Amino acid sequence: MQHDYRPAAFRFTGNASEYFRIWVIHTALTLLTLGVFSAWAKVRTKQYFYRNTVVDGSSFDYVGKPGAILRGRVIAGAVLVALFLLSHYSLGTYAGVLALTLLATPWVLVASIGFNAQNTLYRNIRFHFTGRAKEAYLVCAKAALLHVLSCGLAYPYLVFSLTRYAVRRYRWGELPFEWNTGCARYFGAHMLASCFALPLYLVLFALAARARGGAGVGGLSGPPLAMLVLFYAYLLIPAAILRARLKNLLYDGLAVGEHVVSANFRAWELLKLYLTNTLLVVLSVGLLIPWARVRAAVYEASCLTLHVRGELVAKVAPPTDRRALGEGFADLGDFELGVGT
Amino acid sequence: MMEFAANHYDGVTSRAREVSVWIDDQNVLHLSGVGAPLGYSLSDVQIAPRVGSSFRALLLPGGARCETYDRRVVDEIERRQGVSRATALLRRLERNVPLVCVVGLALALSLVAVVLAGIPALAERAVRSLPASVAQQLGKSALSVLDHTELRPSELPIWRRFEIQRRFDGLARRYPALPLALEFRRGIGPNALALPDGTVIVTDELVEFARDDGEILAAIAHEIGHVHHTHGLRLAFESSTALALASAYVGDVAAVTALSGVLPAALAHARYSREHEQEADDFAVALLVTGGVEPQHFANLLRRLGRRSLPDPGAQFAYLASHPPLPERIARLEGTSSAR
């Protein structure tokens with residue numbers, strides 16, 4: 001029933017000069033207020049990017065409250081400082097803190113995904129995350145156990161199972177997200193990236209061993225240019241390949257109710273994007289950061305299409321309250337999941 | 001009376017209805033197109049704060065929402081409602097292009113100032129406040145790591161080591177506060193290293209390479225300079241601070257956190273390292289002069305080391321180099337030594 005679907009491309013309509021003005025004022029105010037304004041900056045930045053992300057003629061919106069995020073950040077910061085101090089107290093407290101941090105991770109994950117989902121809006125219908133901490137503990141425990149037992153070889157399974165858990169518990173209003181990507185493709189993506197990473201690493205290692213003796217008095221030198229190029233190739237190429245694959249695996253085939261998302265991220269395009277963004281940001285002493293972010297958003301949107309079946313309609317789901325604590329932790333730990341935008 | 005078109009979402013389903021909205025002189029907002037005409041008092045209508053030039057949203061009582069790109073009218077509603085002072089201020093700031101340009105430039109300049117001056121100053125204070133045991137511990141573990149990886153025991157005859165040790169002691173005596181100690185190793189070519197705990201490592205290859213003991217002493221003096229200025233700990237502190245700053249400031253720009261912070265941090269690291277080398281060179285010249293060693297030996301050593309190393313020094317990127325270019329160092333050394 002292919003003909004039932006009507007493609008609706010994602011578009012990003014923001015522009016760099018406009019976002020530049022917002023970013024400059026945000027950064028300056030965040031510095032002047034010693035970070036307090038960062039909660040407001042976060043909300044307004046999200047609003048700028050969400051509101052400029054258009055699909056099927058409508059935009060997303062973000063309705064998180066800065067006060068809630070600030071509260072979450074203060075609590076999260078206080079907890080982290082307390083943990084840090086405790087961990088330096090004695091070996092016993094250090095082990096305790098470590099265990100506590102590990103135990104808290106799934107809960108923080110759930111709280112933070114939930115907070116983000118709940119505050120994302122499309123056509124006045126909020127997203128939801130129906131995951132419960134208990135499930136998250138089971139998923140994390142299983143994946144972590146396999147990860148450790150396999151000496152890290154099962155890492156793709158960890159990524160896969162967390163993604164599956166997060167996506168399948170996502171909803172837009174009452175429309176559930178469905179996702180049937182197989183675990184094997186996660187292993188494939190990581191293996192492909194390693195195929196590029198490994199040779200680069202070996203060449204780099206051999207070169208580094210030959211160019212020894214740079215330190216100390218004689219220290220002639222910096223790394224030869226060829227080695228630098230190789231080093232950045234090693235950092236960038238596998239990352240771009242993995243990123244493109246993982247994004248395609250996440251979005252391509254993702255169903256929201258009867259509607260289906262398709263994605264075609266290209267490693268080569270991502271590579272060009274990363275490289276030019278990084279160089280220009282460095283050369284401009286950070287002044288081109290807004291431009292780089294807008295470019296990334298434009299590319300990301302251009303890779304996504306929603307195939308609408310019939311009418312794109314969702315009913316509202318009964319609201320639940322999420323506290324912003326998770327959001328604070330999410331900022332510190334960078335757990336955000338880009339589902340829904 | 002103003003009228004504009006908007007998309008109305010009732011908040012129960014995502015279905016959009018095209019409505020026309022107008023406001024009358026009594027500050028009542030009228031909506032037609034959703035069944036029976038609706039009217040809301042303007043004071044019950046909330047406006048989602050503006051960010052940039054994206055759509056504006058009117059939040060109606062009961063959870064419904066109207067989205068429109070007609071900024072003019074929404075601005076007028078805001079004017080009638082009165083905007084909060086903070087919102088108005090933000091908007092004024094963001095619209096003020098000259099102000100934004102000045103602030104942006106100030107941000108970039110202060111970033112440069114923090115990296116070039118702020119972080120080194122901070123590192124110096126931080127390192128001074130560290131207990132001596134930290135440096136001792138680090139030095140000890142660094143030496144053991146080196147001994148297990150790249151360094152082998154020295155094969156120099158004992159009398160030769162003794163000779164150098166005696167001249168080392170002569171230099172070290174001038175800095176009784178420094179916990180200086182000399183070690184001989186083999187394995188990494190003509191070189192000398194300083195560890196945070198005051199250990200100076202001289203390689204057999206350097207001793208064999210030197211045409212004059214003055215050259216060995218010059219290398220040692222340079223390393224004592226690193227110890228004197230606590231360069232090891234300072235560089236560690238400076239680089240990690242620069243990396244943290246770069247990661248926080250640049251954030252996820254390139255969406256590959258690994259790189260976006262690494263490149264600026266690597267540039268900063270190389271810059272700090274070059275500054276330390278220059279400090280150590282200056283220190284070495286002063287120490288050699290007071291110790292009665294001709295500083296010209298240092299320039300000679302560097303010149304000959306340069307000749308035996310990489311075939312084409314042009315294939316290097318000066319901004320990422322850990323040491324200043326050799327010709328520059330030699331010119332500086334000969335400048336300071338001839339000035340005396």
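Me: Why is Asp169(B) called partly exposed?

Reply: In this predicted model, Asp169(B) has a relative accessible area of 32%. Buried means under 20% and exposed over 50%, so a value of 32% makes Asp169(B) partly exposed. Asp169(B) belongs to helix H5 of chain B, residues 158–172.

Me: What makes Glu67(B) buried or exposed?

Reply: The relative accessible area of Glu67(B) is 9%. The cut-off for buried is under 20%, therefore Glu67(B) is buried. Glu67(B) sits in strand E7 of chain B, residues 65–68. Leaving aside neighbours within four places in sequence, Glu67(B) is in contact with residues including Tyr9(B), Phe55(B) and Arg56(B).

Me: How do you know that the side chains of Glu67(B) and Arg65(B) are joined by a polar contact?

Reply: The distance given for the pair is 2.9 Å. A polar contact needs N or O atoms within 3.5 Å, and the 2.9 Å between the side chains of Glu67(B) and Arg65(B) meets that.

Me: What makes H7(B) largely enclosed by the rest of the structure?

Reply: Of the 16 residues of H7(B), 14 are buried, so the helix is largely enclosed. H7(B) covers residues 213–228 and reaches 22 Å from its first C-alpha to its last, close to the 22 Å expected at 1.5 Å a residue.

Me: What lies at the N-terminal end of H7(B), and what follows the helix?

Reply: Asp212(B) caps the N-terminal end, with a side-chain oxygen 2.6 Å from the backbone nitrogen of Gly214(B). After the helix comes Thr230(B), whose phi is positive, near 45°.

Me: Why is the pair Glu135(A) and Arg169(A) called a salt bridge?

Reply: The N to O distance between their side chains is 2.6 Å. The limit for a salt bridge is 4 Å, so the pair counts as one. Glu135(A) is partly exposed at 25% relative accessibility, and Arg169(A) is partly exposed at 25%.

Me: How many residues apart are Glu269(A) and Lys272(A) in helix H9 of chain A?

Reply: They are three residues apart, about one turn of the helix. An α-helix has 3.6 residues a turn, so residues three or four places apart point the same way. Glu269(A) and Lys272(A) form a salt bridge, with their closest N and O atoms 3.6 Å apart.

Me: What makes Arg234(B) and Glu279(B) a link between separate parts of chain B?

Reply: The two form a salt bridge, with the closest N and O atoms 3.6 Å apart. Arg234(B) lies in helix H8 and Glu279(B) in helix H9 of chain B, so the pair ties together parts that are 45 residues apart in sequence. Arg234(B) is buried at 7% relative accessible area, whereas Glu279(B) is partly exposed at 30%.

Me: Which residues form the nonpolar patch on the surface?

Reply: The patch is made of Leu275(A), Leu279(A), Leu280(A), Leu288(A) and Trp291(A), with about 380 Å² of accessible area together. Helix H9 of chain A gives the largest share, three residues. Trp291(A) lies in helix H10 of chain A. A patch residue needs over 30% relative accessible area, and Trp291(A), at 31%, passes that cut-off.

Note on methods. Residues numbered from 1 in each chain as written. Chains lettered and ligands numbered in written order. Predicted model: local features only at pLDDT ≥ 70, side-chain atom pairs only at ≥ 80, totals over all residues. Heavy atoms only, no water. Patch = residues over 30% accessible without salt bridge, like charges linked within 9 Å, V, L, I, M, F, W, Y side chains within 5 Å. Areas by Shrake-Rupley, 256 points an atom, 1.4 Å probe, with all protein chains shown as cover. Helix = DSSP H or I, 4+ residues; strand = E, 2+ residues; numbered from the N terminus. Buried < 20%, exposed > 50% of the residue type's maximum accessible area, 1.4 Å probe, protein only. Polar contact = N/O pair within 3.5 Å; in protein donor to acceptor, adjacent residues only side chain to side chain. Contact = heavy atoms within 4.5 Å. Expected span 1.5 Å × (residues − 1).
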